[in-house]
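Look over the sequence and the model first, then read the points below.

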Amino acid sequence: MLRRSPLFAAALSLWLLALPAAGGDYRRSSSIPIQSCRHVDSLAWSGDGHLLVATVRGAPAQPDADEPATLRAWRDGVARYSVRLAPGLYQAAFSPDGALLALADRSDRQSGIVLLDPATGAASATLDTAWPIAAFAFTPDSTHVVASPIGPQTGLWLWDVRTRRRETRPLDARLGNYQQSLDFVPGGLLAISYAGANVGFWDLRTGQLRRRLSARDGIASDVMGGPAAGSREGKWLALAYTPLPPEPTFLPYNWSVRIWDLGGTAPPATVKLPQDPDLLAFRPGTALLAVQLFGLNGSVVLFEPGSWKQRQSLPWSGTLDTMAFAPDGALALAGPAAGKSCRVEIWRDR
């Protein structure tokens, strides 16, 4: 993701102050400190909403040394365990049945996808990969892990977590060679967003492309794709994008979010953003859209489903690293705090 100068961050802060607060009902509920931390790479909630995990990096012992990485876990806000991780294991996800926690390598360490016991953090198996992982997801029945490698291949890797066997599903390279995110939608289809601002819906059993969406439609210039997200019930899909100027420029990009109603016939909606989006997420149950914006003082902006009017801005003091919705709609935000520490804030709408 492209980063911006302090001038753009200051402009973003002024924009956030001008946002209307009417109708916003998320409130900061609690804060969890994380010691020996300078960056939170990912957050993930268990399916029952009681267990929250974070992948955390600390300061290296020497300038050229690896950043120490740990997996931290809290049950109902109380610390449960802290497990040392191999460098590069940055992404975390629970299986839908809650039986497994998976960590994937998005660096050049090539250490694979590690499966762990969510209750203890103990590793049970490693799914070896020859390339770092751009994105991964469990299938809805929790029997397989699907991963998109960063490398010369354009297909998907599919592991049976019971046998640890890997299969390959070829994908049509015309949509793009770099898969940015994966998500499942009802009907057994896998939705994949590409760096080129395309979304492909694939039948995982056959490898056939069933549907294509693109933020390029109606835009004459080249387009760069950003983060994407699908709502839990499969009705909405959101993709961040920005048109690219014909020549390189230091001016800010004009980021927007294109939102499709997957079950309807209406044209997609477009929400304009003031700054680069780092993450998109839909609230389970209501499909409230959360957009994490980059900045020296980050924030999350919430948009009402259907109308996509801005509802509320959740402020954050300092750099906001990541966010994640719990099944009950609670929203966890994480990032650096004072000194060599980080914090996780839990926001609730009731």
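This is a predicted model: local features need pLDDT of at least 70, side-chain atom pairs count only at pLDDT 80 or more; totals for chains, interfaces and linings use all residues.

A contact here means heavy atoms within 4.5 Å. Residues are numbered from 1 along each chain as its sequence is written, and side-chain values use heavy atoms, with hydrogens and water left out.

**Overview**
- The protein has one helix and 28 strands. Helices (H or I, at least four residues) and strands (E, at least two) are DSSP runs, numbered from the N terminus.
- Of its 350 residues, 53% count as buried. Buried means under 20% relative accessible area, exposed over 50%, and partly exposed in between (1.4 Å probe, protein chains only).
- Take the contacts between residues at least 6 apart in sequence: 43% of them join residues at least 24 apart.

**A four-strand sheet**
- An open sheet is formed by four strands in the order E6-E7-E8-E9, with antiparallel pairing. Two strands pair if DSSP finds at least two bridges between them.
- Strands E6 (89-94) and E9 (123-127) stand at the edges with a single partner strand each, so one side of each has no neighbour in the sheet.
- From one strand to the next, the twist averages 25°. Axes are lines fitted to C-alpha atoms, for helices over the stretch in contact, and angles run from 0 to 180 degrees between N-to-C directions.
- Five bridges link E6 and strand E7 (residues 101-105) in the antiparallel sense. Ala92 stands opposite Leu103 in E7.

**Ser42**
- Ser42 is found in strand E2. Its relative accessible area is 8%, so Ser42 is buried.
- Its side chain makes a polar contact with the side chain of Thr55 at 2.7 Å. A polar contact is a pair of N or O atoms within 3.5 Å; within protein, one must be able to donate a hydrogen and the other to accept it, and residues adjacent in sequence count only if both atoms are side-chain atoms.
- The Ser42 side chain also reaches the backbone nitrogen of Ala92 at 3.3 Å.
- Beyond four places in sequence, Ser42 touches residues including Val53, Tyr90, Gln91 and Thr322.

**The disulfide**
- One disulfide turns up in a search of the whole structure. A disulfide is a pair of cysteine sulfur atoms within 2.5 Å.
- Cys37 is joined to Cys342, S to S 2.0 Å.
- Cys37 lies in the loop between strands E1 (27-35) and E2 (39-45), and Cys342 in strand E28 (residues 341-348), so the pair ties together parts 305 residues apart in sequence.
- The S-S torsion is about -85°, so this disulfide is left-handed.
- Cys37 counts as buried at 2% relative accessibility, and Cys342 does at 1%.

**Nonpolar cores**
- The largest nonpolar core has 19 residues; Val257, Ile259 and Phe282 are among those with the most contacts inside it. Such a core is a set of buried Ala, Val, Leu, Ile, Met, Phe, Trp, Tyr and Cys residues joined through side-chain atoms within 4.5 Å.
- Strands E19 (236-243), E20 (256-261), E22 (277-282), E23 (289-293) and E24 (299-303) each give two or more residues to this core.
- Another core, of 18 residues, lies apart from it and includes Ile34, Leu52, Ala332 and Ile346.

**Asp261**
- Asp261 is found in strand E20. A polar contact of 2.9 Å joins its side chain to that of Lys235.
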